Amino acid sequence: MREHTTPTNQEMQGREPRSSTPIQRNSIFNRTMRQRSKGKAKDTPEQNTHHPADSLENGQSVNEPLTLNSPQSRMLRWRIPKQPDPGAKRTSESSSTPGNGATPEECPALADSPTTLTEALQMIHPIPADSWRNLIEQIGLLYQEYRDKSTLQEIETRRQQDAEIHTNAHGSPASEETPEEEEDEEEEEDEPASPPERKALPQICLLSNPHSRFNLWQDLPEIQSSGVLEILQPEEIKLQEAMFELVTSEASYYKSLSLLVSHFMENERLKKILHPSEAHILFSNVLDVMAVSERFLLELERRMEENIVISDVCDIVYHYAANHFSVYITYVSNQTYQERTYKQLLQEKAAFRELIAQLELDPKCRGLPLSSFLILPFQRITRLKLLIQNILKRVEERSERECTALEAHKELEMVVKACNEGVRKMSRTEQMISIQKKMEFKIKSVPIISHSRWLLKQGELQQMSGPKTSRTLRTKKLFREIYLFLFNDLLVICRQIPGDKYQVFDSAPRGLLRVEELEDQGQTLANVFILRLLENADDREATYMLKASSQSEMKRWMTSLAPNRRTKFVSFTSRLLDCPQVQCVHPYVAQQPDELTLELADILNILEKTEDGWIFGERLHDQERGWFPSSMTEEILNPKIRSQNLKECFRVHKMDDPQRSQNKDRRKLGSRNRQ
């Protein structure tokens, strides 16, 4: 992949554009352009085509460095290789760009020159606004449909990659070239080159579905006719597809939001049924969210109209994430009350229930329920972060585009975290109040309710009677029930008493807990572990021998009580380069605080695994940890794919990047200048 950089908007404001890397007068590329301009002097010049030859005809001397400027003063500076890539295939006459006014016969240097992004840019013109607007209007998929198809395609792609490597590992190894084959290849080089194959499609191919009218970037008529696919490298095409998907998926999302507003929220019959306060809780600030999405989409459309080869979209994403996406935090923070109100309305108002069922049957909704529309903003802001990660994986390392993508990803990550915290804060406050009311302290009272405290896990365990050393089975009752409430900073040990109450008899700070697993103790002491309180409520050390109902329950308690202990597969102090991984193939909603909600196509590192079908894992894209059923996932067997996933994760979340720090300082300086 050839390196190239894009200047930021701040760099371009208030000063003349910097000249790009000069193209020498006697270079192959410059000779080609001069020959092309001579050929065009004989023929009728084409319209809507921009070439550097135009600047030569307009008075620029051939001795001056040739500067490449993209439309609307958005300059892209691509580095021109000094020497051709020895491994690059030479193009034939079929690889000449349609409509460029030059054939290999008229321009022999073109056939011999290396294919570069610079050449592609000379043949590219802006997309007509009407053409792009028609494409957006013809998008047929609702965002829910796009999201489902996209994630399923990602899963299938990984399955195919896993199967290919597995076949190669157990089948015949790739044959190495022999000297005879090398000689044959040298002879073939003298023959006319065969037409180049079309570049490989990116992973997400679902948009090419002819029934969805949701096409790939490389399927656009302007792209097909420009010949740019024969010049761009496969990785650059994948990057273009990743940026194009962000734009078109935003259009699909806006279409679904518009349907939510026009079909449901503004329905006159629904307005009469709902009280204004109920309507406000149900739809929240969706109008603000839709207005931001509309402006965001218009900005992305303008960028697309500048040039059919997209320069960047992450700078636009960064601007909106930093300045406008706070409307998502407001909407998502209301999710707890929204879900509760929606359920109450369905149960208590028959007119509401009947009208919603009738509206959902409309063909516009494609059989999707109102609830799928109400959750759209949270799904979109999360998906947007993943789309930026997909772009980040494909941009050149230490380039300006990587810097911009990292900044956009950081801002989106902050928005997503604020959304999650908003949802949790609402539910946690109610939960802590409920727990406080149920507790009766036999010891010194401990204040439970705190803004910085939340519940991690609660449940019943069996405590072994007598001291640790008296492991006898002759005791009338070997175990008795106790109930644990584990918060993020505190453990409270209770006994359940009549009236749905809990009597507290011990407690300890979470940081002063230690656990130890007992092994090979027989069936009676199976799933038993030791819990040590280094300093309990009486300022003494205490030890409890506890029995869980299953192996997974024991592991889950041990992981929650002592989160920094070493697990089966990985140490929490040092990451392994080849950690077992799974991908989610069935969505899962967490049932307990220590569980992890999974979305389709999520990739997770396995940190702990039990024999009864539970996994403790870390999701790569956000480092969230939790337990989930192994039946919801498939293991990734290919070590190369696992390694690639980890490398991409480290790249996305890398913090100590000097170029990124410089970009951040430059942005802060630009912000002060604007003020």
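Here is a short walk through a helix contact and some ring pairs.

First, some ground rules: this is a predicted model, where local features need pLDDT of at least 70, side-chain atom pairs count only at pLDDT 80 or more, and totals for chains, interfaces and linings use all residues. Residues are numbered from 1 along each chain as its sequence is written, and side-chain values use heavy atoms, with hydrogens and water left out.

**Stop one: two helices.** Select residues 326-333 (helix 15) and 376-392 (helix 19): their axes come within 9 Å and cross at roughly 135°. That makes helix 15 oblique to helix 19 (angles under 35 degrees count as roughly parallel, over 145 as roughly antiparallel, 65 to 115 as roughly perpendicular and the rest as oblique). Now show the side chains in contact (heavy atoms within 4.5 Å): Tyr328, Tyr331 and Val332 from helix 15, with Pro377, Phe378, Arg380 and Ile381 from helix 19.

**Stop two: rings.** There are 12 aromatic pairs here (ring centres within 6.5 Å; planes under 30 degrees apart are stacked, over 60 edge-to-face, the rest tilted). Pick Tyr143 and Tyr253: the ring centres are 5.5 Å apart and the planes sit at 70°, so this pair is edge-to-face. Tyr143 belongs to helix 7 and Tyr253 to helix 10, so the pair ties together parts 110 residues apart in sequence. Both Tyr143 and Tyr253 are buried (under 20% relative accessible area; exposed is over 50%, partly exposed in between, with a 1.4 Å probe and protein chains only).

Next, Phe485 and Tyr502: also edge-to-face, at 5.1 Å centre to centre and 90° between planes.

**Last stop.** Select Phe296, Tyr320, Phe325 and Tyr328, which ring pairs link into a cluster.

Terms used: Axes fitted to C-alpha atoms, helices over the stretch in contact; angles between N-to-C directions. Helix = DSSP H or I, 4+ residues; strand = E, 2+ residues; numbered from the N terminus. Phe/Tyr/Trp six-rings, centres within 6.5 Å; stacked < 30°, edge-to-face > 60°.
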